[in-house]
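Please open the structure in a viewer and keep the sequence panel beside it. Each stop below says what to select and what is found there.

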Amino acid sequence: MDDCKSVAILTGATGGLGYAFIKELVKEPVDEIWAVGRNADRLDELVKEFGDKIVPFRIDLTKSEEISSFNEILKERKPHLEYLINNAGIAQMKPSKDLTISEIESTIDLNCKVPTILTNLCLPYMKKGSKIVNICSASAFQPVPYINLYASTKAFERSYSRALNVELKPLGITVTAVCPSWIDTGMLVKEINGHKVKFNGLVTPAKVAKRAIIDSKKGKAMSVCTFYVKCQHLNVKLMPQKLTMKIWTKSIKKYL
């Protein structure tokens, strides 16, 4: 394994936050960045823009057979994994009663099952100093009515990440749960029922990615981007969850 390349694996590489992470990872001392996504054209664009350091993998991570194929590639190449960034995710911003079975399954699969499975597949190729970065959300801090499914999956991912960080500490591997507020990407719904949506604490993908890499290097269990989210985190620690949900529901009343 001494001749194997040092690698950073990034899922959700073709989205807005994924692109921001690519821009940070190309600065890192790794031989290759394995960019995982479903959009073949966008993956090709990343290679054209950033060069041969980008190794594209067109994979649908919700399909077990495609994850198995990726695992075979890991076994064959045996990389030194410096980073695993579980960024792929999906958001269903609607009341729970309006969710379809397909939406429920895909959200839980991509936000919960995939990062857990991928982490276990990648761990054998990690060593002291390796870093796992899981993209969670500030919505993981408390129950959030009307984006309940999304927030609940992020609560799972945050809890999983923080506990795994403790488990892997003796190995020198750190796990960082990244908990930003709303990120200004194409995933956000800009208008609901004729009302332009106001996103408090909106932050750029570049700021989230940069902070996440810095915090992971410091070995932090959580990366809380912006002072706004730090205040939010403190508030939900002090306030009863019932009151937190009441305030949230009142703030979005005009969108319901």
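Select Cys 179: this residue is buried, with a relative accessible area of 0%, where buried means under 20% relative accessible area, exposed over 50%, and partly exposed in between (1.4 Å probe, protein chains only). The model is a predicted one, in which local features need pLDDT of at least 70 and side-chain atom pairs count only at pLDDT 80 or more, while totals for chains, interfaces and linings use all residues. Residues are numbered from 1 along each chain as its sequence is written, and side-chain values use heavy atoms, with hydrogens and water left out.

**The cysteines**

Remain at Cys 179 and display the sulfur of Cys 136. A disulfide is a pair of cysteine sulfur atoms within 2.5 Å, and by this rule the count comes to 0 disulfides. Cys 179 is in no disulfide, for the nearest cysteine sulfur, that of Cys 136, is 4.8 Å away. Next, select Cys 112, which is buried at a relative accessible area of 12%. Its closest cysteine sulfur, in Cys 136, is 9.9 Å away, so the two are too far apart for a bond.

**Arg 158 in helix H5**

Select Arg 158, which has its place in helix H5; helices (H or I, at least four residues) and strands (E, at least two) are DSSP runs, numbered from the N terminus. What does Arg 158 touch, not counting residues up to four places away in sequence? With contact meaning heavy atoms within 4.5 Å, the residues touched are Cys 136, Ala 140, Phe 141, Ala 177, Cys 179, Met 222 and His 233.

A salt bridge is a side-chain nitrogen of Lys or Arg within 4 Å of a carboxyl oxygen of Asp or Glu. Arg 158 is buried yet has none; the nearest side chain of opposite charge, Glu 157, is 11 Å away. Lys and Arg count as positive and Asp and Glu as negative, with His and the chain ends not counted.

**The salt bridges**

The whole structure holds 12 salt bridges. Select Lys 154 together with Glu 157: their side chains meet in one of these, at 3.2 Å from N to O. Both residues lie in helix H5, 3 residues apart, about one turn of the helix, and both are buried.

Move to helix H6 (residues 205-217), where Arg 211 and Asp 215 lie 4 residues apart. Their side chains form a salt bridge of 3.1 Å, N to O. Arg 211 is partly exposed at 28% relative accessibility, whereas Asp 215 is buried at 2%.

**The nonpolar cores**

A nonpolar core is a set of buried Ala, Val, Leu, Ile, Met, Phe, Trp, Tyr and Cys residues joined through side-chain atoms within 4.5 Å. The largest has 27 residues; select Ile 9, Trp 34, Leu 61, Phe 70, Leu 74, Cys 122 and Ile 132, which have the most contacts inside it. Among the elements that each supply at least two residues of this core are strand S1 (6-11), helix H3 (64-77) and helix H4 (101-122). H4 gives the largest share, 5 residues. A second, separate core of 26 residues includes Leu 10, Ile 22, Ile 33 and Cys 225.

**Around helix H2**

Finally, select Asn 39, at the start of helix H2 (residues 40-50): one of its side-chain oxygens reaches to within 3.1 Å of the backbone nitrogen of Asp 41. Just after H2, Gly 51 takes a positive phi of about 90 degrees.

Definitions and conventions
Polar contact = N/O pair within 3.5 Å; in protein donor to acceptor, adjacent residues only side chain to side chain.
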